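This briefing covers strand pairing, a surface patch and a charged pair. The sequence and structure come first.

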Amino acid sequence: MTGRISFYDNTRGFGFINGEDGESVFFHISNVSVTNGALLEENQLVSYDVVETEKGKAAVDIVLVPVA
């Protein structure tokens, strides 16, 4: 699935992704693949998988999609 980062708190290491399906899901920096020095920013395009957690849906296996 793909979506865009809608919010990211760099100091706390979490944020939300608005998916192509219209749903917003939580993510934690520990679920982001190596960014090669790129900083996470709002509106960045990412691909990810969604899992169900005890607190709701969360994004995992998050990869930044390069802008062409």
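S2 and S3 form a hairpin with 4 residues between them, and Gly22 in the turn has a positive phi of about 90°. Strands are DSSP runs (E, at least two residues), numbered from the N terminus. This is a predicted model, in which local features need pLDDT of at least 70, side-chain atom pairs count only at pLDDT 80 or more, and totals for chains, interfaces and linings use all residues. Residues are numbered from 1 along each chain as its sequence is written, and side-chain values use heavy atoms, with hydrogens and water left out.

**Strand pairing**
- S2 pairs with S3 (residues 24–28) in the antiparallel sense over 5 bridges; pairing requires that DSSP finds at least two bridges between two strands.
- Gly15 has Phe27 of S3 as its bridge partner.
- S1 (residues 2–9) and S2 (residues 14–19) are also antiparallel, over 6 bridges.
- In the hairpin of S1 and S2, with 4 residues between the strands, Gly13 takes a positive phi near 75°.

**Surface patch**
- Phe7, Phe16 and Phe26 make up a nonpolar surface patch with about 230 Å² of accessible area together (Shrake-Rupley method, 1.4 Å probe, for residues only the protein chains shown count as cover; patch residues have over 30% relative accessible area and no salt bridge, nonpolar side chains being joined within 5 Å).
- Phe26 lies in strand S3.

**Salt bridge**
- Lys57 forms a salt bridge with Glu23, the closest N and O atoms being 3.3 Å apart (the rule is a Lys or Arg side-chain nitrogen within 4 Å of an Asp or Glu carboxyl oxygen).
- Lys57 is in strand S5 (residues 56–64) and Glu23 in the loop between S2 and S3, so the pair ties together parts 34 residues apart in sequence.

Notes: Patch = residues over 30% accessible without salt bridge, like charges linked within 9 Å, V, L, I, M, F, W, Y side chains within 5 Å.
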